[in-house]
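Reader: Could you walk me through this structure, one question at a time?

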Amino acid sequence: MLGTDLVNLLKSRKDSLDPNPEVIEAPHEALDVTLEDNVTAFIATHTPNIIVNCAAFTNVDKCETEREAAFNVNALGPKYIAAAAKECGARLIQISTDFVFNGNSDRPYAEEDQTNPLSEYGRTKLEGERNIQNHCNSYLIVRTSWLFGHNGINFAAKMLELAEHNKELSIVTDEIGSPTYTPDLARALWTLIKQECEGVINVSNNGSCSRYEWAEYIFKTMGINIKINPIKSSEYKRPAKVPLNSTLNCQKFATITGMQMRPWEEAVESYLKKQK
Ligand SMILES: NC(=O)c1ccc[n+]([C@@H]2O[C@H](COP(=O)([O-])OP(=O)(O)OC[C@H]3O[C@@H](n4cnc5c(N)ncnc54)[C@H](OP(=O)(O)O)[C@@H]3O)[C@@H](O)[C@H]2O)c1
């Protein structure tokens with residue numbers, strides 16, 4: 001989702017990007033980030049100034065059973081990319097996640113808050129962050145949450161699909177987060193890249209909601225008449241344990257860039273308009 005939107009943004013002259021960067025795409029079939037020699041050779045050949053790593057093993061439940069594969073993509077891949085970035089003097093932008101936190105806080109998570117992932121996905125992503133911090137000189141780690149976009153599996157798309165085949169759904173009310181639209185995140189990344197930001201920074205669309213409220217908003221906006229039963233996350237059995245409070249404090253992003261991410265509701269409306 002994010003990689004496609006970022007490439008589309010960077011290649012689009014309509015967005016009056018200044019400067020227009022030369023973009024080298026590295027889809028999975030062109031580069032497997034778990035193969036160290038391939039990563040080293042690819043980066044040495046292209047000698048980029050900036051590398052954005054959007055690749056990840058993002059199926060949170062599958063990470064619980066396919067632990068080695070998840071570790072290879074989410075932790076080792078970033079290590080190989082970081083070492084190659086250091087070698088050619090590139091700045092590395094790594095995308096990370098709200099799932100590095102345990103979700104017990106009663107306020108949105110700030111960048112420096114204690115990490116304590118509950119799942120294999122969160123643990124491997126956190127290991128990826130540490131590998132980047134330890135293996136390259138110039139990096140930015142962007143933590144984001146609850147991504148949805150037009151080029152991949154996500155909660156919003158799943159809700160629309162489920163609504164086609166069901167008269168009622170049960171959705172959890174006690175999992176809270178900030179839905180984030182990948183085209184909006186791509187713009188934010190470009191701003192951060194231009195400003196040469198470094199370190200760790202949170203970026204999500206503004207505001208927060210429960211999974212239940214997100215689904216309800218989607219159905220209301222689309223005029224879909226479907227019954228939603230509120231349930232607790234403890235009633236929804238799944239392999240991975242996920243944080244209950246997934247919201248990120250994005251004040252640092254606003255201060256550094258002078259930019260406000262738009263509210264998640266507006267982003268959802270844009271998504272739905274384009275999906276129609
Ligand atoms: N989705 C979310 O809700 C969410 C929330 C917070 C943070 N994030 C983070 O945001 C970033 C972008 O997420 P997304 O949702 O846009 O991901 P996505 O749609 O699942 O895309 C992940 C991409 O990584 C590729 N990939 C997997 N294994 C690879 C490998 N070994 N080598 C190279 N590429 C590989 C996948 O290719 P295949 O399809 O061929 O496997 C896919 O193109 C990730 O770092 C993710 O951890 C996501």
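Reader: Which residues is Ile-81 in contact with, leaving aside its neighbours within four places in sequence?

Author: Happy to start there, and keep in mind that this is a predicted model. Ile-81 is among the residues with the most contacts inside the largest nonpolar core, which has 68 residues. The largest share of this core, nine residues, comes from helix 4 (residues 67–88). Setting aside neighbours within four places in sequence, the contacts of Ile-81 are Val-33, Val-39, Ile-51, Asn-53 and Leu-92.

Reader: Which strands stand at the edges of the open sheet, each with a single partner strand?

Author: Let's follow the order of the four strands, which is 1-2-3-8, with parallel pairing. Strands at the edges have a single partner strand, so one side of each is left without a neighbour in the sheet; these are strand 1 and strand 8 (199–202).

Reader: In strand 8, what is the bridge partner of Arg-143?

Author: Strand 3 (residues 139–144) pairs with strand 8 in the parallel sense, over four bridges. For Arg-143, the bridge partner in strand 8 is Asn-202.

Reader: How many charged residues are in the shell around the ligand?

Author: The ligand is surrounded by 23 residues, and Met-1, Ala-55, Ala-56, Leu-147 and Gly-152 are the closest. By class, 12 in the shell are nonpolar and eight are polar, while the number of charged residues is three.

Notes
Residues are numbered from 1 along each chain as its sequence is written. This is a predicted model: local features need pLDDT of at least 70, side-chain atom pairs count only at pLDDT 80 or more; totals for chains, interfaces and linings use all residues. A nonpolar core is a set of buried Ala, Val, Leu, Ile, Met, Phe, Trp, Tyr and Cys residues joined through C-beta atoms within 7 Å. A residue is buried if 20 or more other C-beta atoms lie within 10 Å of its own, exposed if 12 or fewer, and partly exposed in between; C-beta atoms are placed from the backbone. Helices (H or I, at least four residues) and strands (E, at least two) are DSSP runs, numbered from the N terminus. Two residues are in contact if their C-beta atoms, placed from the backbone, lie within 7 Å. A residue is near a molecule or strand if its C-beta atom, placed from the backbone, lies within 6 Å of it. Ala, Val, Leu, Ile, Met, Phe, Trp, Tyr, Cys and Pro count as nonpolar, Asp, Glu, Lys and Arg as charged, and the others, Gly among them, as polar. Two strands pair if DSSP finds at least two bridges between them.
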